[in-house]
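This report describes aromatic rings and the charges placed over them. Please view the sequence and the structure below before reading on.

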Amino acid sequence: MPAVSKGDGMRGLAVFISDIRNCKSKEAEIKRINKELANIRSKFKGDKALDGYSKKKYVCKLLFIFLLGHDIDFGHMEAVNLLSSNKYTEKQIGYLFISVLVNSNSELIRLINNAIKNDLSSRNPTFMCLALHCIANVGSREMAEAFAGEIPRILVAGDTMDSVKQSAALCLLRLYKTCPDLVLMGEWTSRVVHLLNDQHMGVVTAAISLITCLSQKNPDEFKTCVSLAVSRLSRIVSSASTDLQDYTYYFVPAPWLSCKLLRLLQCYPPPEDGAVKGRLVECLETILNKAQEPPKSKKVQHSNAKNAILFEAIALIIHYDSEPNLLVRACNQLGQFLQHRETNLRYLALESMCTLASSEFSHEAVKTHIETVINALKTERDVSVRQRAADLLYAMCDRSNAKQIVAEMLSYLETADYSIREEMVLKVAILAEKYAVDYSWYVDTILNLIRIAGDYVSEEVWYRVIQIVINRDDVQGYAAKTVFEALQAPACHENMVKVGGYILGEFGNLIAGDPRSSPLVQFNLLHSKFHLCSVPTRALLLSAYIKFINLFPETKSTIQEVLRCDSQIRNSDVELQQRAVEYLKLSSIASTDVLATVLEEMPPFPERESSILAKLKKKKGPGAVSVNELEDGKREGGELNGGGERADSSAMAASNASTPSPSADLLGLRPAPAVGSAPPSAGSLLVDVFSEGSAAPSAGVNDDGFLSSAPPPPAAAAAVSEEPAPPLPEAEDLLNKFVCKNNGVLFENQLLQIGIKSEYRQNLGRMYLFYGNKTSVQFVSFSTTVSCPDELPTQLNLQTKTVEPLIEGGAQVQQVVNIECLTDFVDAPLLNIKFRYGGALQNLTLKLPVTINKFFQPTEMLSQEFFQRWKQLSQPQQEAQKIFKAGHGIDTEVVKAKLLGLGTALLENVDPNPENFVCAGVIQTKAQQVGCLLRLEPNAQAQMYRLTLRSSKDTVSKRLCELLSEQF
């Protein structure tokens, strides 16, 4: 920057600032400011020949007054005039005033833009830098429109000075973040990438910030930066601190540039070029080796710079997840930090190890530090570090250490901070269920959990233990005995009473043979807690009492007296009063057989994912399980029987009424009501779409979960006015992936992930679409449109639920589509998604995977019946046949799975040739039913198939033949 001469000292400004500081009161300050404003106004109006120095001084005073918090409504034109000065200090003050005070909608913008253009074309590096700084500071759309094409040219020009290149790169970055749709690199892409090879380290540092941002939005265009980044990183890592003296910070060469290079590489998968990959691995090994060397300085700045590079390198190793040696070394290095005296390092080490624990290569290495992590959980002073330690224990848990980790977490719960207790409870409950091989241990753990932290045990937790006890005959007696003993404690948490009431009401007879737990003893124990409980718990206990009358007839008179007392049949709470009256009448007039039928034991719950896991995901916010795991089905809840259905307290009263109807919830999409859920916190990954809490019943759906006559919800306001884009080239291939399955990931790119979960019954269907934001930036104006092309509106009736217009980074929203098949169809509905990401419009169209086979009803047939029907469908137009080459090896089990996924019944021992497959089904539409027969004849030697389809409607045969031939 040019030196400021003595004449630029602006003594008048110094005197004014001194006067303001010497004011004794607010009134005196305002009086002095008003006097100065009047003087400046008169100077600007009266003296037409005001010199540059005076203009600069008065504009500087106005700027100071504005920074004190006072409004300035004049002087803008004088500031603009300063831009045309040839003196640096005058031009600097002009740009400073404009950067701070001029609104982007100001009428002066055009004049300002002209002055900036003059400075950019002046080739004076100082003036060019001032102009670029002003553009970056204002950053308005008007400036982006005016200069977005000029700045890249300045950036890559061979005669541009290094200082100007730095300013141009950072200015372009600012404009790209503000208006990404206006900053189009196009022809400049390769030249901008090659700035990574620039001799000037400052230019490289500024350019890499720009390239990283551009790579996140357009990774394919900038993928050539990977090899250049590896090359530059290699030179820095292998250099001595004396080689880069101007960019060495406390003996660490170019730490900021190194961190930015490592962060840039995290935008891409591992390099495919073996030489580049080898060089990168060598760099990472060198960084890990340097971390083991003794420090070259005792200054904290040295260790901070060194550790910053190390943690970015470890983040890159975790991102690649492909180098077992590096992953284990990174884990060992982080293990050393677990006992470091610096709290921040311990926190970062625990956080990174949580991610490492999920890698198959480093999981065992992480487990070796279990004692250190347990010690951190017990002794750390900082609650955030303790929380990360709990997260790491949860992540490293497996069958070999589950009992130890659960025991330690239970022990810690007794003294844990209130802010993390609920999350700890959920984690203990999940681990106990996931890794339980001994169900008595599971029951003991959950009951202990309720005893220690009952206030933080959500309904999902005690629902789940009841579901599992009901589904496991071998644990019911033990559970009844254990809960009976737990209820004998003088102070008993209400959640324990709920579990006790439910389990004793169902299985109290299993321990009634012991005089110490006779029926009356059980009843009296439960009733002793009755007056201390809330209304929902009392309602559950009343249901347990009526169950007792069925299990233990000898308790009938005692329980009837309780139900008959005024405090029950005249209770102010209508629910308790109704139960008492109805249960009393039921026990009085119903015969023993009727009572046994009405009050029979609860049936097993259907297999579903644990609702506790859904609760943890909601607690953690968008960040527990990736939607990519859709294909894997149930994971965490798969170790034990039991489901995500709510164990309703009233279900005990009439179990036959509570048995779910087959049509009520085919795939477990109904949500369990979230009780006491905490507000979500920030997270990184997407929520699992199989979460019980993710699906919400939609408008226009009746009690059976299918379409009702209610009108569809109003359409969402259009986010953008552009026409929907044509279907993607791969839309048909994506559709074919879902012909034989209902759940999975429909589409995924760098920004968006779309998951699908659907169910069909007869001619009705319901589809859940899950839109996941994979970035850390909001999607705004998010809208979706489901449309039916050509004749499809007369063949399919679709109703959609509107979707949230804003999707936070890392979050997920859900949309429900209800489907009714009116008649057979060929085309698929179109799904158009529009949203703005960083200001740029994203517009894509996919084919919704709704195909005619989704409405199949499987039909079982004997051999004679099949061939009789086959002959009846012998007209040429009723048959469609195709001979095609196998796309994959012919695998009998795979073929069977796909034919079953098609929706038909696979008929065994029907075809004379045992190698052939025959299927039968009926397509259910509102207008008619279409019977279909299928015969698939594989030729293993020629690797060919012959597929024959016959149906009562020619269009159905042809369409099914087209769909199915693409599957093999």
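## Charges over rings

A charge sits over a ring if NZ of Lys or CZ of Arg is within 6 Å of the ring centre and within 35 degrees of the ring normal. Lysine 91 lies over the face of phenylalanine 127, 4.5 Å from the ring centre. Likewise, lysine 741 has its charged end over the ring of phenylalanine 738, at 5.1 Å from the centre.

## Basis of the values

The model is predicted: local features need pLDDT of at least 70, side-chain atom pairs count only at pLDDT 80 or more, and totals for chains, interfaces and linings use all residues. Residues are numbered from 1 along each chain as its sequence is written, and side-chain values use heavy atoms, with hydrogens and water left out.

## Aromatic pairs

There are 21 aromatic pairs in the structure. Rings of Phe, Tyr and Trp (its six-membered ring) pair if their centres lie within 6.5 Å; planes under 30 degrees apart count as stacked, over 60 as edge-to-face and the rest as tilted.

Phenylalanine 779 and phenylalanine 835 make a stacked pair, 4.2 Å centre to centre with 25° between the planes. Phenylalanine 779 belongs to strand S6 (residues 779-787) and phenylalanine 835 to strand S9 (residues 830-837), so the pair ties together parts 56 residues apart in sequence. Strands (E, at least two residues) are DSSP runs, numbered from the N terminus. Both phenylalanine 779 and phenylalanine 835 are buried, meaning under 20% relative accessible area, where exposed is over 50% and partly exposed in between (1.4 Å probe, protein chains only).

## Aromatic cluster

Tyr771, Phe779, Phe782, Phe835 and Tyr837 form one aromatic cluster.

How values were computed
Helices (H or I, at least four residues) and strands (E, at least two) are DSSP runs, numbered from the N terminus.
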